[in-house]
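Subject: The structure I promised you

Hi,

Below it I've put what I found.

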Amino acid sequence: MDELIARVTAAAGIDAAMATKAIGMILNFLRKEGPPAEVNELIAQLPGAEDAMANAGKGGMMGGLAGMMPGGGGVMGLGASLMGAGLSMGQVQSVSRTMFAFGREKAGEDAMGAIVGAIPGLGQFV
């Protein structure tokens with residue numbers, strides 16, 4: 001997890017606490033919306049991921065509004081939650097791309113491809 005946090009901080013220009021929160025928020029979203037076997041495989045490859053997920057919270061007001069949308073707002077709701085937590089759209093994209101590239105290294109292309117393919121709209125962020 002430390003390596004992923006370091007990559008995300010460098011790519012997005014954010015501090016480690018924000019990177020950890022963003023990673024946790026994304027993993028929570030993937031656990032809720034993605035294929036369970038592949039998401040669990042990804043999480044298993046990231047020691048400390050469960051702690052990050054437990055401490056991620058929901059984001060600011062925009063995240064709360066997205067949570068009220070049917071289905072939690074999908075990918076757009078996740079983006080709103082991340083921006084509500086203090087990230088810009090560019091930072092959201094940097095965090096997402098970095099995290100998915102790291103996931104491909106650790107869990108493999110098959111697992112990550114299944115995750116991206118199962119969640120409508122996710123491909124545009126990774």
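Let's start with a pair of helices: α1 and α2 are roughly perpendicular to each other. Their axes come within 9 Å and cross at roughly 110 degrees, and that counts as roughly perpendicular because the range for this label is 65 to 115 degrees. Keep in mind that this is a predicted model.

Which residues meet where these two helices cross? From α1 they are Leu4, Ile5, Val8 and Thr9, and from α2 they are Ala16, Ala19, Thr20 and Ile23. If you wonder about the spacing of those numbers, an α-helix has 3.6 residues a turn, so residues three or four places apart point the same way.

Thr20 is partly exposed, with a relative accessible area of 24%. Thr20 and Ile5 are 15 residues apart in sequence, yet their C-alpha atoms are 6.2 Å apart in space. Setting aside neighbours within four places in sequence, Thr20 is in contact with Ile5 and Ala52.

Now look at α2 as a whole. It has 18 residues and spans 25 Å from first C-alpha to last, close to the 26 Å expected at 1.5 Å a residue. The buried residues of α2, among them Met18, Ile26 and Phe29, pack against α1, α3, α4, α6, α7 and α8.

That brings us to the largest nonpolar core. Of its 41 residues, Leu27, Leu30 and Ile115 touch the most other members. The largest share of this core, nine residues, comes from α2. As for Ile115, leaving out residues up to four places away in sequence, its contacts include Leu30, Val39, Phe100 and Leu122.

A polar atom of the Thr98 side chain lies 2.8 Å from the backbone oxygen of Ser94. Not counting residues up to four places away in sequence, Thr98 also touches Leu4, Arg7, Val8 and Ala11.

Notes: Residues are numbered from 1 along each chain as its sequence is written. This is a predicted model: local features need pLDDT of at least 70, side-chain atom pairs count only at pLDDT 80 or more; totals for chains, interfaces and linings use all residues. Side-chain values use heavy atoms; hydrogens and water are left out. Buried means under 20% relative accessible area, exposed over 50%, partly exposed in between (1.4 Å probe, protein chains only). Contact means heavy atoms within 4.5 Å. A nonpolar core is a set of buried Ala, Val, Leu, Ile, Met, Phe, Trp, Tyr and Cys residues joined through side-chain atoms within 4.5 Å. Helices (H or I, at least four residues) and strands (E, at least two) are DSSP runs, numbered from the N terminus. The expected span of a helix is 1.5 Å times one less than its number of residues. Axes are lines fitted to C-alpha atoms, for helices over the stretch in contact, and angles run from 0 to 180 degrees between N-to-C directions. Angles under 35 degrees count as roughly parallel, over 145 as roughly antiparallel, 65 to 115 as roughly perpendicular and the rest as oblique. A polar contact is a pair of N or O atoms within 3.5 Å; within protein, one must be able to donate a hydrogen and the other to accept it, and residues adjacent in sequence count only if both atoms are side-chain atoms.
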